[in-house]
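Open the model in your viewer and keep the selection tool ready. The tour moves from a pocket to the residues around it, then to the core.

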Amino acid sequence: MPTELLFRQDAYLKETPATVEAVNERGGIVLDRTIFYATGGGQPGDAGHLRRADGNLIAIGTTIYDPEDKSRVLHVPLEGQSAPAPGEAITAVLDWERRLKRMRIHTALHLLSVVLPFPVTGGSIGDGDGRLDFDIPEGGLDKVELAEKLNALVARNADVTERWITDAELDANPGLVKTMSVKPPRGSGRVRLVAIGDIDLQPCGGTHVRNTAEIGLVAVTDIEKKGKQNRRVRIALA
């Protein structure tokens, strides 16, 4: 059965009861439902632990989609952890502090793509920092100026909302897709759009804060030239 992705319904869930569906030969644990984001779209998989009925914990180092069945999520335990049994009831508990930093920086990166309205060729999200790569014909980017523009958007206290459109609607509006290297998640017949007030709208399967006010101050920490027309802009939570 496909894993129910609770983080798509509410990115602020910190724990949830769940049932172990399976444990694969490499130790990956499949639950019937999860709050753990699985690696994808430049956002790393969540960490945390699974609390068993007897109080013992299984530490989870990361979370990925099952390579053999993309509809299932594998919770990858750290070395030396005991394996649960299929059918076992557990409580999945998120490393919330780490997740929240990723949510804040992910939303800030969406705003950065507004400040720099150029095609995005790559990106990554870290624990309080991140970067986007842009296809920019000319250099001359200024860190101070970019930070001022970015923080001005953060200060608008815009709500972050989501809605779904069909694959056909996305095909009819290709301008919604800013990323050249990462394509919106498809396969279910619909695509999730993330809107930041009237500032930004783009397909995204990741987790975000509810309002830009939660991002806080952001610093532009570096601008690198990664090719003739490629500029890498790094940002961090101040």
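Start with the lining of the second largest pocket: six of its residues are nonpolar, four polar and five charged. Here Ala, Val, Leu, Ile, Met, Phe, Trp, Tyr, Cys and Pro count as nonpolar, Asp, Glu, Lys and Arg as charged, and the others, Gly among them, as polar. The model is predicted: local features need pLDDT of at least 70 and side-chain atom pairs pLDDT 80 or more, while totals for chains, interfaces and linings use all residues. Numbering runs from 1 along each chain as its sequence is written, and side-chain values use heavy atoms, without hydrogens and water.

**Stop 1: the pocket**

The second largest pocket has a volume of about 180 Å³. Select Ala11, Val160, Glu162, Arg192 and His208: of the 15 lining residues, these are the closest to its centre. A pocket is an open set of points on a 1 Å grid over the protein atoms alone, where a 1.4 Å probe fits, with protein on both sides within 12 Å along at least five of seven lines; lining residues have an atom within 4 Å of a point. Points are joined across faces, edges and corners, and the volume is the space filled by probe spheres set on them.

Now colour α1 (6-9), β11 (160-166) and β12 (190-196); each supplies at least two lining residues. Helices (H or I, at least four residues) and strands (E, at least two) are DSSP runs, numbered from the N terminus.

**Stop 2: Glu162**

Select Glu162, in strand β11. Glu162 is partly exposed because its relative accessibility is 37%; the class lies between buried (under 20%) and exposed (over 50%), with a 1.4 Å probe and protein chains only. Which side chain makes a polar contact with that of Glu162? It is Arg192, at 2.8 Å. A polar contact is a pair of N or O atoms within 3.5 Å; within protein, one must be able to donate a hydrogen and the other to accept it, and residues adjacent in sequence count only if both atoms are side-chain atoms.

Leaving out residues up to four places away in sequence, Glu162 touches Arg8, Arg192 and Leu193. Contact means heavy atoms within 4.5 Å.

**Stop 3: His208**

Move to His208, in the loop between β13 (200-203) and β14 (218-225). Is His208 buried or exposed? It is buried, because its relative accessible area is 7%. Its side chain has a polar contact of 3.1 Å with that of Thr107. Beyond four places in sequence, His208 touches several residues, including Ala11, Met103, His110 and Val194.

**Stop 4: the core**

Show the largest nonpolar core, with 47 residues. Such a core is a set of buried Ala, Val, Leu, Ile, Met, Phe, Trp, Tyr and Cys residues joined through side-chain atoms within 4.5 Å. Leu112 and Ile235 have the most contacts inside it. Helix α2 (residues 96-115) gives the most to this core, eight residues. Another core, of five residues, lies apart from it; Leu5, Phe7, Tyr37 and Val73 are among them.

**Stop 5: Arg131**

Finish in strand β10 (residues 129-135), at Arg131. Arg131 counts as buried because its relative accessibility is 16%. Its side chain joins that of Asp133 through a polar contact of 2.8 Å. Among the contacts of Arg131 beyond four places in sequence are Leu109, Ser124 and Val233.
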